[in-house]
Amino acid sequence: PMYVLIGIWGSSMEIEGQGPFRSLFKKVGVGLKEYGAMKLTLYLLAGSAFILIGILLLWVEGGRQLGGGTFNYLALKEATFHGGLGRTMFLLFYVGFGVLAGIWPFHTWSPDGHAAAPAAGSMLHAGVLMKLGAYGNLRVAVTNMPDAATVYLPWVGALCCFNIIYGGLVATAQRDMKFVVGYSSSSHMGYVLLGIATMNLIGMEGAVFLMFAHGVMTALAFSLIGFYYEQTHTRMLDDLGGLMKRMPFIGTLFMIMTMASAGLPGFANFVSELLVIVGAWHAKMYVPAILAVWGIVVTGVYLLRTMKTAFLGKMPARWDSLVDAKTPFQKLPYVLLATVLLVFGFWPKPLLRLIEQGVTPIVESLDAAKQRAAGTSLGMRDAPPAPTGLPK
């Protein structure tokens with residue numbers, strides 16, 4: 001569906017390449033809606049191919065253990081996938097769903113898709129599509145292959161740092177506001193994947209909570225960008241300025257979104273990111289935890305700069321005719337999204353209780369896998385040397 005939404009109702013803003021890639025950018029049409037739709041589709045199809053192979057392996061190996069092939073997820077949870085096959089299946093699912101989640105270095109489809117999509121398409125893209133990838137990683141890869149997860153998730157935690165820091169630095173260099181939020185989404189998905197990689201209750205609760213909080217926050221961001229884009233027909237920061245004078249309501253909501261995305265206390269994003277960082281520290285992932293803190297600093301830099309450039313300062317004369325959201329019907333969607341972020345920022349307990357019910361069994365299975373791995377290594381170390389000859 002995203003291919004159709006972007007290819008038909010999307011917007012184009014051609015991007016000029018720099019240096020040796022200048023002619024290539026023009027040839028493939030980087031920035032055009034057709035380019036964004038096709039790139040998104042090809043990346044997601046490639047990720048889905050990995051997932052499909054993993055599903056077929058679930059059918060074959062699960063059927064061998066359960067006495068018949070099945071796609072019943074509850075039944076497949078009773079099967080065990082150990083050894084090389086389990087590790088292969090984990091990588092297939094994690095890479096496949098990771099592409100959907102925008103994991104580095106398979107993340108570049110996401111900002112291009114954001115920039116070309118209409119406002120509603122961008123809201124679905126960031127709020128649903130990317131979160132589906134993280135959900136699949138947690139619910140399928142980690143849940144069904146816990147032994148392989150204990151082997152690979154520490155490496156995934158290191159990989160998430162590229163999402164957090166690299167995504168934030170690239171967002172800082174953007175001049176298109178949709179690209180700013182698009183690369184910001186890739187950066188924040190790094191926190192989600194880092195929370196999953198902690199393999200403890202605190203970090204995983206934070207990851208799931210951030211899936212919810214970031215989905216609401218990005219929906220608010222893209223809806224606000226879509227509101228003024230309908231009148232200005234530009235998203236370039238260099239073309240904007242002083243919009244707060246003509247759009248005080250939209251500007252105020254954009255500032256609220258900026259504070260939420262930057263992890264200001266009082267918003268749901270702060271609670272979730274704090275849980276992820278604390279979970280990483282408890283898991284002795286000290287370097288990723290420190291880099292995650294610096295990622296919040298980088299987020300504040302590019303979002304505050306975006307707010308200052310677009311909504312503050314001197315307003316060009318051509319924007320004198322801009323109209324703010326005035327009717328209650330126009331204001332209601334933005335107010336609802338901002339209210340959700342504030343309510344769960346000040347009172348996260350009901351949602352955390354709900355998340356805990358789903359995450360606890362996964363953490364328990366990971367703990368059991370760690371104990372099995374520790375017992376196996378201990379047994380191999382204490383066992384007597386194997387006989388050199390074959391038994392009679």
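Which hand does the crossing of H12 and H15 have? In this predicted model, the crossing of H12 and H15 is left-handed. Helix H12 covers residues 248-261, and its axis lies 11 Å from that of H15 at an angle of about 25 degrees. Angles under 35 degrees count as roughly parallel, and H12 and H15 are therefore roughly parallel to each other. On the H12 side the contact is made by Phe 249, Ile 250, Leu 253, Ile 256 and Ala 260, which meet Lys 331, Tyr 334, Val 335, Ala 338 and Leu 341 of H15. Sorted by class, the contact of H12 with H15 has 9 nonpolar residues, 1 charged residue and no polar ones.

H15 also packs with H10. The axes of H10 and H15 come within 10 Å and cross at roughly 155 degrees. This angle makes H10 roughly antiparallel to H15, and the crossing of H10 and H15 is left-handed. From H10, the residues in contact are Phe 209, Phe 212, Ala 213, Val 216, Met 217, Ala 219, Leu 220, Ser 223, Leu 224 and Phe 227; from H15 they are Gln 330, Tyr 334, Leu 337, Ala 338, Val 340, Leu 341 and Phe 344. The contact of H10 with H15 has 15 nonpolar and 2 polar residues, with no charged ones. Tyr 334, Ala 338 and Leu 341 of H15 are listed in the contact with H10 and in the contact with H12.

The loop between H14 and H15 holds Asp 324. Asp 324 counts as buried, at 9% relative accessibility. Beyond its neighbours within four places in sequence, Asp 324 is in contact with Phe 227, Arg 246, Met 247, Pro 248, Phe 249, Ile 250 and Gln 330. Of these, Phe 227 and Gln 330 take part in the contact of H10 with H15, while Phe 249 and Ile 250 belong to the contact of H12 with H15. The C-alpha atom of Asp 324 is separated by 9.5 Å from that of Leu 243, although the two residues are 81 residues apart along the chain.

The salt bridges come next. The whole structure contains 4 of them, among them the pair Arg 175 and Asp 238, whose closest N and O atoms are 2.7 Å apart. Arg 175 lies in the loop between helix H8 (146-172) and helix H9 (177-197), and Asp 238 in the loop between helix H10 (201-232) and helix H11 (243-246), so the pair ties together parts 63 residues apart in sequence. Arg 175 is partly exposed at 28% relative accessibility, whereas Asp 238 is exposed, with a relative accessible area of 55%.

Arg 235 and Asp 176 form another salt bridge, with an N to O distance of 3.0 Å. Here Arg 235 is in the loop between H10 and H11 and Asp 176 in the loop between H8 and H9, so this pair ties together parts that are 59 residues apart in sequence. Both Arg 235 and Asp 176 are buried.

A further salt bridge joins Arg 318 to Asp 239, with the closest N and O atoms 3.8 Å apart. This pair links distant parts of the chain, 79 residues apart: Arg 318 is in the loop between helix H14 (286-311) and helix H15 (328-346), and Asp 239 is in the loop between H10 and H11. Arg 318 counts as exposed at 52% relative accessibility, and Asp 239 as partly exposed at 28%.

Methods. Residues are numbered from 1 along each chain as its sequence is written. This is a predicted model: local features need pLDDT of at least 70, side-chain atom pairs count only at pLDDT 80 or more; totals for chains, interfaces and linings use all residues. Side-chain values use heavy atoms; hydrogens and water are left out. A salt bridge is a side-chain nitrogen of Lys or Arg within 4 Å of a carboxyl oxygen of Asp or Glu. Helices (H or I, at least four residues) and strands (E, at least two) are DSSP runs, numbered from the N terminus. Buried means under 20% relative accessible area, exposed over 50%, partly exposed in between (1.4 Å probe, protein chains only). Axes are lines fitted to C-alpha atoms, for helices over the stretch in contact, and angles run from 0 to 180 degrees between N-to-C directions. Angles under 35 degrees count as roughly parallel, over 145 as roughly antiparallel, 65 to 115 as roughly perpendicular and the rest as oblique. A crossing is left-handed if the near helix is turned anticlockwise from the far one by less than a right angle, and right-handed if clockwise. Contact means heavy atoms within 4.5 Å. Ala, Val, Leu, Ile, Met, Phe, Trp, Tyr, Cys and Pro count as nonpolar, Asp, Glu, Lys and Arg as charged, and the others, Gly among them, as polar.
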